[in-house]
Amino acid sequence: MKILVTGSTGTVGSEVVRQLHRRGATVRALVHRRGAADALPPEVETVAGDLLDPVSVEQALQGMDKMFLLNAVTPDELTQALIACNLARRLRIRHVVQLSVFQADRFRDVPHFASKLALEGALREFGPPFTILRPGYYFQNDARLKEALAGGLYPVPLGPTGIAAADARDIAEAAAIALTGEGHEGKTYNVVGPNLLSGPGAAATWSGFLGREVRYAGEDFDRYERQLREHLPTWAAFDLRKMFQSYRERGFTSSADDVAGITRLLGHPPRAYEDFARETAEGWKKGEGEKRGR
Ligand SMILES: NC(=O)c1ccc[n+]([C@@H]2O[C@H](COP(=O)([O-])OP(=O)(O)OC[C@H]3O[C@@H](n4cnc5c(N)ncnc54)[C@H](OP(=O)(O)O)[C@@H]3O)[C@@H](O)[C@H]2O)c1
């Protein structure tokens with residue numbers, strides 16, 4: 001079975017490549033920026049391409065049976081996603097696994113959620129055969145917080161109630177299972193961890209593993225958006241601020257049924273945030289890079 005993996009050099013996609021490779025699938029990794037593929041297993045075929053360029057996507061899809069479709073958060077995310085799905089249909093790709101987002105339907109006013117929901121709808125209406133994965137907030141986002149945590153602050157405005165969150169390795173494993181197993185077509189799977197992740201809870205977890213006080217910064221969304229603008233384009237800062245503020249206003253919580261569902265799909269309980277944080281903190285103490293848990 002031959003599978004094209006998009007987003008193959010990113011947090012989830014790189015792990016999807018490894019998981020599929022381990023399961024014996026023949027993987028072709030679509031690589032956007034030259035050089036980014038260095039971390040992929042050397043046996044994996046790579047092909048250069050841009051999801052905004054139908055010519056390169058068509059070439060990448062030639063000879064493939066299936067596709068893992070992950071679109072980065074960009075202003076033209078939906079156009080990129082529709083190009084890939086329409087070409088997959090034209091080339092009679094047998095199965096597409098779409099990386100969407102948890103509760104995409106409840107956050108239609110958040111730009112990158114709206115793009116994903118629109119793609120889900122297009123897949124349901126027009127095909128090709130699909131499976132939709134809806135993951136919560138990635139634990140691995142917090143591997144970028146080394147500096148802030150060292151300064152004693154957990155800066156992400158997750159709120160006091162807690163949100164649905166998941167380990168990127170479980171998301172990738174769910175994708176690999178859906179792509180290589182039977183009976184997943186037409187299904188939508190929520191991918192969540194065993195517990196909700198709150199701002200104060202995350203701060204306490206890091207305090208424990210880093211051996212120093214870490215304070216939760218709270219939910220000043222204006223300030224958060226200003227901070228994001230220091231390293232992201234303004235549209236992306238706006239999108240993320242809107243997302244976190246909407247979580248706070250409407251809730252973004254997973255249920256016991258969600259946890260049971262992902263446990264069934266994976267064949268084991270989903271990984272816990274505490275385990276991710278412990279591994280990451282240990283890696284930092286050993287002087288390893290900031291991105292852990294891939
Ligand atoms: N972070 C979260 O908490 C979370 C939660 C739920 C869902 N999601 C969704 O997950 C997705 C992001 O996943 P991720 O964090 O694994 O991604 P990521 O680490 O940001 O990586 C994005 C990947 O997409 C590639 N890419 C970007 N633009 C491309 C283009 N025009 N053509 C081809 N490839 C392109 C990147 O390659 P280059 O680096 O070479 O450009 C990279 O391989 C988004 O759709 C996001 O909404 C995220």
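Helices (H or I, at least four residues) and strands (E, at least two) are DSSP runs, numbered from the N terminus. The model is predicted: local features need pLDDT of at least 70, side-chain atom pairs count only at pLDDT 80 or more, and totals for chains, interfaces and linings use all residues. Residues are numbered from 1 along each chain as its sequence is written, and side-chain values use heavy atoms, with hydrogens and water left out.

**View 1. Gly151 in the loop between α5 and β8**. Gly151 is exposed, with a relative accessible area of 59%; buried means under 20% relative accessible area, exposed over 50% and partly exposed in between (1.4 Å probe, protein chains only). Arg212 is 61 residues from Gly151 along the chain, and their C-alpha atoms are separated by 9.7 Å.

View 2. An oxygen atom of the ligand lies 2.9 Å from a backbone N or O atom of Thr11, and a nitrogen atom of the ligand lies 2.9 Å from a polar side-chain atom of Asp50. In the side chain of Lys116, an N or O atom is 2.8 Å from an oxygen atom of the ligand. On its own the ligand has 930 Å² of accessible area, and the protein covers 84% of this (Shrake-Rupley method with a 1.4 Å probe; for residues, only the protein chains shown count as cover).

**View 3. Aromatic pairs of Trp206**. Rings of Phe, Tyr and Trp (its six-membered ring) pair if their centres lie within 6.5 Å; planes under 30 degrees apart count as stacked, over 60 as edge-to-face and the rest as tilted. The count by this rule is 16 aromatic pairs. Trp206 and Tyr273 pair edge-to-face, at 6.3 Å centre to centre and 90° between the planes. Trp206 lies in helix α7 (residues 199–210) and Tyr273 in helix α11 (residues 273–285), so this pair ties together parts 67 residues apart in sequence. Relative accessibility is 0% for Trp206, which counts as buried, and Tyr273 is buried at 4%. Trp206 and Trp284 form a stacked pair, 5.3 Å centre to centre with 20° between the planes. Trp284 is in helix α11, 78 residues from Trp206.

**View 4. His112 in helix α4**. His112 counts as buried at 8% relative accessibility. Its side chain joins that of Asp239 in a polar contact of 2.6 Å; such a contact is a pair of N or O atoms within 3.5 Å, and within protein one must be able to donate a hydrogen and the other to accept it, while residues adjacent in sequence count only if both atoms are side-chain atoms. Beyond its neighbours within four places in sequence, His112 is in contact (heavy atoms within 4.5 Å) with Val73, Glu77, Asp239, Leu240 and Met243.

**View 5. Lys187 in the loop between α6 (168–180) and β10 (188–191)**. Lys187 counts as partly exposed at 38% relative accessibility. The Lys187 side chain reaches the backbone oxygen of Gly183 at 2.8 Å.
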